[in-house]
Amino acid sequence: MVTTIAARLLSKIDLNISSLNFNFIGIDTILEGKITLAGVVRLAGKITGEVHLLPDSVLIIEQSGEIKGKLFCFDVEIYGKFEGDLQSHNKLTVYPTAHVLGKIQSQNMVIFPGASVEMEGHTTL
């Protein structure tokens, strides 16, 4: 009975994965160079270079994630490490597990207690 109900509910949900816009960069992944990403991006690996996110995209740097270089984005949440120049056209959120070092520009900025932040920055673009 439960299986039948679940099957009926799932049949009504359109899970066309080709229409979804998300990325997961795994913990053992290392990317270098100039990279453009779109949608919701969860970074558990490492990126060195220049990272651009398309408008209205969200970057989440997980605790194991790390970016060294330049980051141009809309919204970014940092739980891991960032070192370099960061420009956020909307909101930067730095969580207690984060380590941030560099030059930061963001329209809105939230830094939670416990975060390690050494920056030159301001909240206007």
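Colleague: What makes F112 partly exposed?

Modeller: In this predicted model, F112 has a relative accessible area of 34%.

Colleague: Why is Y95 called buried?

Modeller: The relative accessible area of Y95 is 18%. Buried means under 20%, so Y95 is buried.

Colleague: How is Y79 classed, and why?

Modeller: Y79 has a relative accessibility of 25%.

Colleague: How many aromatic pairs does the structure hold?

Modeller: The structure holds 2 aromatic pairs. In one of them, the ring centres of Y79 and Y95 are 4.1 Å apart and the ring planes stand at 5°.

Colleague: Why is the pair of Y79 and Y95 called stacked?

Modeller: Rings pair if their centres lie within 6.5 Å, and planes under 30 degrees apart count as stacked. With centres 4.1 Å apart and planes at 5°, Y79 and Y95 are therefore a stacked pair.

Colleague: Which parts of the chain does this pair link?

Modeller: Y79 is in the loop between β6 (66-78) and β7 (81-94), and Y95 is in the loop between β7 and β8 (99-111). The two residues are 16 residues apart, and their pair links distant parts of the chain.

Colleague: What makes Y95 and F112 a stacked pair?

Modeller: Their ring centres are 5.1 Å apart and their planes are at 15°. The limits are 6.5 Å for the centres and 30 degrees for the planes, so this pair is stacked.

Colleague: Why does the pair of Y95 and F112 tie together separate parts of the sequence?

Modeller: Y95 lies in the loop between β7 and β8, whereas F112 lies in the loop between β8 and β9 (116-122), so the pair ties together parts 17 residues apart in sequence. Ring pairs link Y79, Y95 and F112 into a cluster.

Colleague: How many bridges join β6 to β7, and how many join β7 to β8?

Modeller: β6 and β7 run parallel and are joined by 12 bridges. β7 and β8 also run parallel, with 12 bridges between them. D75 has K91 in β7 as its bridge partner, and S88 stands opposite S106 in β8.

Colleague: Why is E32 called exposed?

Modeller: E32, found in strand β2 (residues 30-37), has a relative accessible area of 65%. Exposed means over 50%, so E32 is exposed.

Definitions and conventions
Residues numbered from 1 in each chain as written. Predicted model: local features only at pLDDT ≥ 70, side-chain atom pairs only at ≥ 80, totals over all residues. Heavy atoms only, no water. Phe/Tyr/Trp six-rings, centres within 6.5 Å; stacked < 30°, edge-to-face > 60°. Helix = DSSP H or I, 4+ residues; strand = E, 2+ residues; numbered from the N terminus. Buried < 20%, exposed > 50% of the residue type's maximum accessible area, 1.4 Å probe, protein only. Pairing = 2+ DSSP bridges.
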